[in-house]
Amino acid sequence: MTKMSDVAKLAKVAPATVSRVLRHPHLVSDETREKVQKAIHELNYKPNMIARQFRTKETKTILVVVPDITQPFFSQVLKGIQHTAAEHGYRVLLGDTENDVEQERELVDLMFQRQADGMILLTARMEEEKIEELSKQFPIVLACEYIDGLDVSTVSIDNIGGARKVTEHLIQLGHTKIAHIAGAMNVILSRDRLKGYKQAMISHDLEIHSSYIQEGESNLESGYHQMIRLLSLADPPTAVFVFNDEMAIGAIKAAKDSGLSVPQDIAIVGFDNLQMSSIIEPHITTIDQPKYEIGKKAMELLVHQMKGEPLKRKKFVLTDELIVRESCGFTAKRMSIR
């Protein structure tokens with residue numbers, strides 16, 4: 001078995017330098033790092049992670065808990081986490097809860113088993129007390145989802161403001177009968193985006209019909225079925241703000257299957273600015289979340305905590321942007337069905 005001393009001998013450096021390249025590569029000069037990495041490659045050296053964990057009490061692994069890995073939104077967030085983790089010498093252990101709070105609790109228990117040095121939660125559906133208790137024992141960052149009033153490092157956008165912004169865009173186009181296809185109400189993002197929609201409607205003295213608010217799940221099928229419900233109303237809306245882009249794609253499909261044209265007959269807007277939103281016809285008007293930057297900032301905060309460094313700020317609200325495309329048109333038109 002190749003040893004660290006063998007790598008050091010081939011690279012003509014001290015064993016401590018090899019260890020530094022493996023653990024803190026940013027502290028080593030480019031020339032030395034390249035020599036060591038070349039020797040590691042030539043000798044096919046595999047660090048003994050278990051032995052190192054006993055010596056340093058570190059795993060050099062972080063746990064990322066995701067509510068649903070099939071949702072395209074998380075790919076860029078995870079990429080931001082992965083790239084930043086690698087820069088600091090950490091590996092990423094990914095856990096998918098499948099929107100099940102019990103699975104979330106089971107994954108979090110890995111921290112008590114010392115299988116990771118820190119954790120990023122992209123879902124926050126456990127009890128507040130549980131998360132707060134964990135944050136006092138382990139480095140933890142909440143990203144994307146959040147809990148108001150919790151003293152835990154958090155990275156997100158202003159979901160209320162973003163929802164208000166995209167709803168007001170529909171109002172500015174002349175729509176007055178605006179519906180909302182919401183996400184599941186046990187998720188804070190769904191509640192906040194519903195709140196933003198209502199704020200925009202109220203601020204413009206527009207009536208909010210209870211039948212115009214349909215709760216669904218964050219997927220294509222749910223967007224499709226909730227849109228069919230809205231279109232079956234005696235007085236259907238002329239515009240719909242949908243919880244996310246994936247659901248909005250389902251809503252557009254439902255409108256087309258019902259013989260309607262988007263945006264000529266009905267306007268549809270989404271949220272998140274997924275890559276597919278600029279590909280599907282019509283291209284979807286949406287709120288852009290800085291997904292990669294959310295992941296990057298979350299990992300940077302976690303690194304500071306794992307190093308025991310004090311944080312000047314714990315709450316980061318990144319900037320979102322309204323992306324206007326064809327799915328909402330430029331002027332409101334009356335529905336062609338009654």
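## Aromatic pairs

Rings of Phe, Tyr and Trp (for Trp, its six-membered ring) pair if their centres lie within 6.5 Å; the pair is stacked with planes under 30 degrees apart, edge-to-face over 60, and tilted for the rest. By this rule, the predicted model holds 2 aromatic pairs. In one of them, the ring centres of F73 and F74 are 5.3 Å apart and the planes stand at 80°, so this pair is edge-to-face. Both F73 and F74 are buried, where buried means under 20% relative accessible area, exposed over 50%, and partly exposed in between (1.4 Å probe, protein chains only).

F241 and F271 also pair, and here the geometry is tilted, with 6.4 Å from centre to centre and 40° between the planes. F241 belongs to strand β8 (residues 239-242), while F271 sits in the loop between β9 (267-269) and β10 (286-288), so the pair ties together parts that are 30 residues apart in sequence. Helices (H or I, at least four residues) and strands (E, at least two) are DSSP runs, numbered from the N terminus. F241 is buried at a relative accessible area of 0%, and F271 counts as buried at 0% too.

## About the model

Because this is a predicted model, local features need pLDDT of at least 70 and side-chain atom pairs count only at pLDDT 80 or more, while totals for chains, interfaces and linings use all residues. Residues are numbered from 1 along each chain as its sequence is written, and side-chain values use heavy atoms, with hydrogens and water left out.

## The chain as a whole

The protein chain has 12 helices and 12 strands. Taken along the principal axes, its C-alpha atoms fill a box of roughly 80 × 40 × 30 Å. Of its 338 residues, 51% count as buried. Contact means heavy atoms within 4.5 Å. Among contacts between residues at least 6 apart in sequence, 70% join residues at least 24 apart.

## Charges over rings

A charge sits over a ring if NZ of Lys or CZ of Arg is within 6 Å of the ring centre and within 35 degrees of the ring normal. R193 lies over the face of F243, at 4.5 Å from the ring centre.

Helix α5 (residues 73-87) and helix α12 (residues 291-306) pack at about 40°, with axes 7 Å apart. These axes are lines fitted to C-alpha atoms, for helices over the stretch in contact, and angles run from 0 to 180 degrees between N-to-C directions. Angles under 35 degrees count as roughly parallel, over 145 as roughly antiparallel, 65 to 115 as roughly perpendicular and the rest as oblique. α5 and α12 are therefore oblique to each other. Residues making the contact include F73, Q76 and V77 of α5 and K291, Y292 and I294 of α12.

Helix α1 (residues 4-11) and helix α2 (residues 15-23) cross at roughly 105°, and their axes come within 8 Å. That makes α1 and α2 roughly perpendicular to each other. Here M4, V7 and A8 of α1 meet P15, V18, S19 and L22 of α2.

## Two helix residues

L170 has its place in helix α8 (residues 159-172) and counts as buried at 0% relative accessibility. Leaving aside neighbours within four places in sequence, the contacts of L170 are H175, I178, A239, V240, F241, A267, V269 and C328. F241, from the tilted pair, is among them.

K198 lies in helix α9 (residues 188-203) and is partly exposed, with a relative accessible area of 34%. Not counting residues up to four places away in sequence, K198 touches I208 and I213.

## Backbone details

A cis peptide bond joins V262 and P263, with omega about 10°; P263 lies in the loop between α11 (245-257) and β9. The peptide bond from E281 to P282 is cis as well, with omega near -5°, and P282 is found in the loop between β9 and β10.

N44 is not a glycine, yet has a positive phi of about 55°. Its loop runs between α3 (30-43) and α4 (49-56), and N44 is exposed at a relative accessible area of 52%. C144 also has a positive phi, near 75°; C144 is in the loop between β4 (140-143) and β5 (153-157) and counts as buried at 7% relative accessibility.
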